[in-house]
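Dear colleague,

Please find the structure below for your records. My findings follow directly after it.

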Amino acid sequence: LSIDVGTSELLGFFTAAEAGLAQTVHLQPRDVFGNTITDSSIDRAAGGTSVVDRIDGQRRRVDVAYELCLGYAAGFFERGVVPCEVSGFTSLVAVSVGTQAVAGAVPITVRTEAAGQFVVRASLGGLPLAGDGARVAFFPARTHGPASVVVGRLDRFVAGLDAALVMVDTRDRYGNSREVGGDQLTLAATCESTGAVHEAAPTDLQNSSYAFVYSPTVAGLYSIEIRVTATPADFLGGEVVQVAGAASLVGGRLHPSVVLPAPLDVPSCTVSGPGTVAATAGHAAPFIIQGRDKWSNMRTQDDGPFSYALHATRLSQSASLSEVDVSGDAVYDASGRYLVLFNATLAGSYQIEISSGCPADDCTTRFGDAVTVVPARTHAATSLASGAGLLDSVAGDSAAFIVHLRDRFGNGRASGGEGDYLVEESEID
């Protein structure tokens, strides 16, 4: 009784399978005449041979040394894989292949986590078996979010300017590129300061790559979440199955990102502070210029110099509006802010104008809301009195005259009655 390599063969060998799933083939030993070697034939064999061993002193079994090697065949997929080798040493037993019992066949489990096309190297006792050199394909398993890879820059953008191309290469749980399309993915970028969510839909490139175009306009810190929400049931298509939970998160984590403000846009800058509403003549009034980009994001660095001017639209005394000059330079404070202290001496209404100093039209902007400058405290030396009662009067008769209260800049007081502002007759010039 001896095993002949030329007549022995592999039974039930497959041509395609999914990576990670175990497949079973059977090694069927035969003698030189093609007879199947079974337990009974082993028992009837007279004497011993190099492949006959005595078990428990009574029953004889044939021990078979076999080797099944899957070698990677280049060109099927772009990425190389590690060959899978299966080898062992077993005793022949009676097992079932499908519904037919095959006595003496040795079951061999074949499994590889690598996807690709392989060449079968099957040998028995070091000599090739029938079927040696056949090709078998292991297709990638289902798409697995944590094993999928984000390709491209996510860490830093400029608001409204950087249209980031974010690529995702979908892979199965063993790291094999899926190589085909059909997956459903989502991208959601959440701004940590506002809670606003920016979503983007991908373009399926049909080769396991998906392209997101992500162009945020609000500056701040973001958490970017990319998920696989559905995937074909198998490599060749089939029904689409939903993916949820941890298995859907691409890369297995959220991706932090910062969106920086765009360059300074003067028309988008804002002013704030007491000096944008009201001021008192002769008293310094403050306001803040906040640098912003065209998306109204606050600038965080010095874009100076900035200058300001207050243009009179109405004055409380007779003066040329064009001759009023209330202007100066702003002083950089921090975080894109500039401090202004202005001192207007003529009461009236003004409009604020700011400029970054460049010659372009969009480097200057004027704000429509008026700043009201009110008169200062009453000043006796600039106040006036008029009326007939100042010239002559008759004893016992009532004499009338009018006192025109003004501040020290000549601005007429719009209201009076404050006790400390009243003066005696002898003090009025």
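The notes below cover an open sheet, the nonpolar cores and the cysteines.

This is a predicted model, in which local features need pLDDT of at least 70 and side-chain atom pairs count only at pLDDT 80 or more, while totals for chains, interfaces and linings use all residues. Residues are numbered from 1 along each chain as its sequence is written, and side-chain values use heavy atoms, with hydrogens and water left out.

The sheet

Helices (H or I, at least four residues) and strands (E, at least two) are DSSP runs, numbered from the N terminus. Two strands are said to pair if DSSP finds at least two bridges between them. On that basis, four strands form an open sheet in the order 23-25-29-28, with antiparallel pairing. Strand 23 and strand 28 (331-332) lie at the edges with a single partner strand each, so one side of each has no neighbour in the sheet.

Strand 23 (residues 270-272) is joined to strand 25 (residues 285-290) by three bridges in the antiparallel sense. Here V271 stands opposite I289, and S272 has I288 as its bridge partner. Strand 25 is in turn linked to strand 29 (residues 337-342) by six bridges, again antiparallel. In strand 29, L339 is the bridge partner of I288.

The nonpolar cores

A nonpolar core is a set of buried Ala, Val, Leu, Ile, Met, Phe, Trp, Tyr and Cys residues joined through side-chain atoms within 4.5 Å. Buried means under 20% relative accessible area, exposed over 50%, and partly exposed in between (1.4 Å probe, protein chains only). The largest core has 26 residues, and F287, I289, F342, Y350 and I354 have the most contacts inside it. At least two residues come from each of strand 25, strand 26 (307-315), strand 29, strand 30 (348-355) and strand 31 (364-374). Strand 26 gives the most, with four residues.

Leaving aside residues up to four places away in sequence, F342 is in contact (heavy atoms within 4.5 Å) with residues including F287, Y308, L310, V326 and V371. A second, separate core of 20 residues includes F157, A159, A164 and L187.

The cysteines

The structure holds zero disulfides, a disulfide being a pair of cysteine sulfur atoms within 2.5 Å. C191 is buried at a relative accessible area of 1%, and C269 also counts as buried, at 2%.

Yours sincerely
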